Amino acid sequence: MASSLKSLVTDDDRYQKSFQLFLERSSEHQCMQDFIHNKLPDILASVGDGKSHLNVIGVGSGAGEIDLEMLSELHKKHPGVTVDNEVVEPSRQQLYNYKVLVSQKPDLDYIKFNWNTMTASEFEEHWKAEKATKKVDFIHMIQMLYYVKDPEATVRFFQSLLGKNGKLLIILVSGKSGWGKLWRTYRAQLCQPDLSQCVTTGDIKSFLDSKGVRYQSYELPSQMDITECFTEGDEKGELLLDFLTEVLDFSNTASPELRAGVLGMLRHPDCSVESNGKVIFNNNLEAIVLDQLS
């Protein structure tokens, strides 16, 4: 990344604000919930192979809302089964929010929560240092592969932990989304070299295909209202622009040419549709499901 541009993730407070606004302006959680309640139960049906105890890892679990919905579906498919749940999340604030959420939910006695305030790569180092041999029945990586140095190596490591009938669920923005077009065009200017940041399911499927790894994929239609991005000086528009570019204070630190180019691209029919005076960005996600390495 050009030296004048700082990554949004270097300012956790602003990142959390822009992320919350993104959730308010998009159907991101709704499309995930549709997937979790309508497609995931069938995927989880074969997990565990009749065992009375299941091992689960959530990588980049955030504040836990999506995790608990998935665990609920797992419980419905496998009632009476106990769960060991490793939560991997580097943000202390998000982990705190997750713990508060757990404390407010009844009927979670069947789950033992293990809290890991660490990144995916730190967890990998920790796992290897512990020489852990237990196999895992369900691993999920929701919207987190942007923040690792090597998505392929990360996917390979977590897939290697799966036991018989284990499932690894990856959810990322689709290569066919507005994000995919934006990142393909401005990767060099916006993406940090030491993070994968601009990765889509297109990239993940490409390396899986090259290795002959089989997977299932599911498109998750989603959209996002980015109208405020086009009102100069609009506070919420600035936060959304930061989130879209992953750049801290993008409007004030990017060159006028880059800012104009990005705004033009966000309005482009490849990224958005304009309707009733609103600019609606294609926020489509995709879910990829992997089995144990054969």
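Predicted model: local features only at pLDDT ≥ 70, side-chain atom pairs only at ≥ 80, totals over all residues.
Analyst: Residues are numbered from 1 along each chain as its sequence is written, and side-chain values use heavy atoms, with hydrogens and water left out.

User: Why is Ser26 called buried?

Analyst: Buried means under 20% relative accessible area, exposed over 50%, and partly exposed in between (1.4 Å probe, protein chains only). Ser26 has 12% relative accessibility, so Ser26 counts as buried.

User: Where does Ser26 lie?

Analyst: Ser26 is in the loop between α1 (12-25) and α2 (28-38). Helices (H or I, at least four residues) and strands (E, at least two) are DSSP runs, numbered from the N terminus.

User: What does the side chain of Ser26 reach at 2.9 Å?

Analyst: It reaches the backbone oxygen of Phe22. The side chain of Ser26 also reaches the backbone nitrogen of Glu28, at 3.2 Å. A polar contact is a pair of N or O atoms within 3.5 Å; within protein, one must be able to donate a hydrogen and the other to accept it, and residues adjacent in sequence count only if both atoms are side-chain atoms.

User: Is Glu246 buried or exposed?

Analyst: Glu246 has a relative accessible area of 8%, so Glu246 is buried. Glu246 is found in the loop between α10 (235-245) and α11 (250-253).

User: What makes Asp249 partly exposed?

Analyst: Asp249 counts as partly exposed because its relative accessibility is 28%. Asp249 is placed in the loop between α10 and α11.

User: What is the phi of Glu246?

Analyst: Glu246 has a positive phi of about 60° although it is not a glycine. For Asp249, also not a glycine, phi is positive at about 55°. Most residues other than glycine have a negative phi.

User: How many bridges join strand β2 to β3?

Analyst: Six bridges join β2 (residues 82-88) to β3, and the two run parallel. Two strands pair if DSSP finds at least two bridges between them, so β2 and β3 count as a pair. Val87 stands opposite Trp115 in β3.

User: Which strands stand at the edges of the sheet?

Analyst: The open sheet has seven strands in the order β3-β2-β1-β4-β5-β10-β6, with mixed pairing. β3 (111-116) and β6 (216-220) stand at the edges, each with a single partner strand, so one side of each is left without a neighbour in the sheet.
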